[in-house]
Amino acid sequence: MVTDPIADYLTRIRNAIKANHRVVEIPASNMKKEMTKVLLEKGYIQNFKFEKADAQGTIKIALKYNPETKKSAITHLERISKPGLRKYADAETLPRVLNGLGIAILSTSKGILTDKEARKEHIGGEVLCYVY
């Protein structure tokens with residue numbers, strides 16, 4: 001049993017990027033699906049597919065690489081709010097990642113949003129991770 005499924009999700013993606021894998025398989029959950037949708041919308045991954053093989057299912061994520069330099073679109077994934085210490089931010093104190101070049105993924109009352117979307121809707125939430 002995994003005590004922190006989001007940290008496991010980020011670590012699997014991080015390890016796949018370091019090993020130059022094209023596809024990574026991750027056990028699915030609703031939160032992980034929503035985080036994957038945000039990564040796709042913001043251009044950090046190429047595509048994803050949800051497969052329902054068992055009760056839980058898996059998410060297959062196609063990672064995105066620059067064709068010339070072979071560098072990944074994701075250079076850094078960092079878990080912020082942990083089970084032992086939750087980090088919350090209100091609408092006024094939402095974090096800016098790399099001065100706006102990266103994104104912070106938040107869990108809000110309106111679902112999983114980026115810091116920019118949450119700032120626009122003027123809502124805060126739990127800061128899950130930083131991606132850049």
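Author: The largest pocket holds about 170 Å³ of space, a volume being the space filled by probe spheres set on grid points joined across faces, edges and corners. This is a predicted model, in which local features need pLDDT of at least 70 and side-chain atom pairs count only at pLDDT 80 or more, while totals for chains, interfaces and linings use all residues. Residues are numbered from 1 along each chain as its sequence is written, and side-chain values use heavy atoms, with hydrogens and water left out.

Reader: What makes a residue part of the lining of the largest pocket?

Author: On a 1 Å grid over the protein atoms alone, a pocket is an open set of points with protein on both sides within 12 Å along at least five of seven lines, and a lining residue has an atom within 4 Å of a point. The lining includes Arg14, Ile17, Tyr65, His76 and Leu77. Its residues divide into 4 nonpolar, 4 polar and 4 charged. Helix H1 (residues 5-18) gives the most, with 3 residues; helices here are DSSP runs of H or I with at least four residues, and strands are runs of E with at least two.

Reader: Why is Leu77 called buried?

Author: Buried means under 20% relative accessible area with a 1.4 Å probe and protein chains only, exposed over 50%, and partly exposed in between. Leu77 has 7% relative accessibility, so Leu77 counts as buried. Leu77 is found in strand S4 (residues 77-79). Leaving aside neighbours within four places in sequence, Leu77 is in contact (heavy atoms within 4.5 Å) with Leu10, Ile13, Arg14, Tyr130 and Val131.

Reader: How do you know that S2 and S3 pair?

Author: Two strands pair if DSSP finds at least two bridges between them. S2 and strand S3 (residues 58-63) have 6 bridges, in the antiparallel sense. Likewise, 5 bridges join S1 to S3, which run antiparallel; in S3, the bridge partner of Glu25 is Lys60.

Reader: Why do S1 and S2 count as edges?

Author: The open sheet has 3 strands in the order S1-S3-S2. Strand S1 (23-27) and strand S2 (45-51) each have a single partner strand, so one side of each is left without a neighbour in the sheet.

Reader: Which helix packs on the sheet, touching S1, S2 and S3?

Author: Helix H2 (residues 30-41) does, and its direction makes about 155° with that of S2. Such angles run from 0 to 180 degrees between N-to-C directions, with axes fitted to C-alpha atoms, for helices over the stretch in contact.

How values were computed
1 Å grid on protein atoms, 1.4 Å probe; cavity = no way out; pocket = protein on both sides within 12 Å on 5 of 7 lines; lining within 4 Å. Nonpolar A, V, L, I, M, F, W, Y, C, P; charged D, E, K, R; others polar.
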